[in-house]
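Welcome! Take a look at the sequence and the 3D view below, and then let us walk through the fold together, one part at a time.

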Amino acid sequence: LSPCVPWQSQTSGQYQRRVHGLFSKSEQAQVNKFFENELPKDVPKLDTAKIVDVGAGYGHVMEAVLHQCPNLRRNKPVVFDLPQVIGDVKEKNENLEYVKGDIFNVDTIPEADVYFMKHILHGWSDEKCVIILKHLGAKLNEEGRVLVYDVVLPAPGEEGDPVVGKAQLRSRLSHAR
């Protein structure tokens with residue numbers, strides 16, 4: 001069973017204003033499906049997992065996740081980003097922990113059962129992505145997961161589908177450890 005409630009049931013005006021523009025309607029539906037159906041399959045003890053949103057900005061994605069999945073508040077999910085970004089957060093959600101750090105400095109990365117990255121890796125070279133994933137792997141708790149919500153494009157000059165299947169991504173991540 002999912003610890004989440006459907007997006008459609010979210011009516012809080014403050015919540016709607018904060019996430020307006022964060023997701024398109026189609027992306028909102030995809031994230032909804034992901035958190036309701038897929039994530040609980042990959043993380044059996046999701047409601048007790050320590051979740052870190054990597055490159056989280058001001059924490060709007062984790063706020064949306066908590067609004068949909070209130071049971072995740074038990075372990076206070078982490079909003080992890082650069083010191084200047086976290087320092088600029090005006091309204092901190094009391095259900096989230098805000099941690100300053102750098103994905104290229106493994107010592108600043110908090111340990112987690114789940115690392116979640118939304119639209120982070122596409123902005124880095126393959127070499128930097130490998131470093132990021134190795135750093136997260138070094139801090140990942142046993143049987144933990146790295147969840148990547150991003151677009152994967154084919155190499156220049158190659159044709160391909162920008163959607164990578166879950167099994168294919170798992171295989172690629174296991175080789176990065």
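Let us begin with a single residue. At 69% relative accessibility, E143 counts as exposed, because exposed means over 50%. E143 sits in strand β5, and its phi is positive, about 60°, although E143 is not a glycine. Why is that worth a look? Most residues other than glycine have a negative phi.

H119 is another non-glycine residue with a positive phi, near 55°. H119 belongs to the loop between β4 and α5. With a relative accessibility of 34%, H119 counts as partly exposed. Please keep in mind that this is a predicted model, so each of these values is computed from predicted atoms.

## The whole chain

Now step back. The protein chain holds six helices and five strands. Starting at the N terminus, the elements follow the pattern α-α-β-α-β-α-β-β-α-β-α.

How much of the chain is buried? Of the 177 residues, 40% are buried.

## A five-stranded sheet

The five strands form an open sheet in the order β3-β2-β1-β4-β5, and their pairing is parallel. Which strands lie at the edges? They are β3 (97–100) and β5 (140–149), each of which pairs on one side only. On average, neighbouring strands in this sheet are turned by 20° against each other, direction ignored.

β1 (residues 51–54) and β2 (residues 78–81) pair in the parallel sense over three bridges, and here V52 stands opposite V78 of β2. β4 and β5 are also parallel, with six bridges between them. Y115 has V146 in β5 as its bridge partner.

## A helix across the sheet

Helix α5 (residues 126–139) lies across β1, β4 (112–118) and β5, and it runs at about 145° to β5. Together, β4, α5 and β5 make a right-handed β-α-β unit.

Does the length of α5 agree or disagree with what its residue count leads us to expect? At 1.5 Å a residue, its 14 residues should span 20 Å, and the C-alpha atoms at its ends are 20 Å apart, which agrees. Which residues of α5 are buried? They are C129, I132, L133, H135, L136, G137 and K139.

In soluble globular proteins, nonpolar side chains tend to be buried together. In this model, the largest nonpolar core has 22 residues, and those touching the most other members are I51, M62, L72, V79 and F116. The elements giving two or more residues to this core are α2 (25–42), α3 (60–68), β4 and β5. α3 gives the most, with four residues. There is also a second, separate core of 18 residues, which includes V52, V78, I103 and L140.

What does M62 touch? Setting aside neighbours within four places in sequence, M62 is in contact with I51, D53, P77, V78, V79, L96 and F116.

## A buried residue in a loop

Our last stop is V43, in the loop between α2 and β1. Is V43 buried or exposed? Its relative accessible area is 8%, and since buried means under 20%, V43 is buried.

Which residues does V43 touch? Not counting residues up to four places away in sequence, V43 touches A49, V114 and R145. The chain also brings V43 and D113 to a C-alpha separation of 8.6 Å, although they are 70 residues apart along the chain.

Terms used. Residues numbered from 1 in each chain as written. Predicted model: local features only at pLDDT ≥ 70, side-chain atom pairs only at ≥ 80, totals over all residues. Heavy atoms only, no water. Pairing = 2+ DSSP bridges. Axes fitted to C-alpha atoms, helices over the stretch in contact; angles between N-to-C directions. Contact = heavy atoms within 4.5 Å. Core = buried A, V, L, I, M, F, W, Y, C linked by side-chain atoms within 4.5 Å. Buried < 20%, exposed > 50% of the residue type's maximum accessible area, 1.4 Å probe, protein only. Right-handed = clockwise from strand over helix to strand, strands pointing away. Expected span 1.5 Å × (residues − 1).
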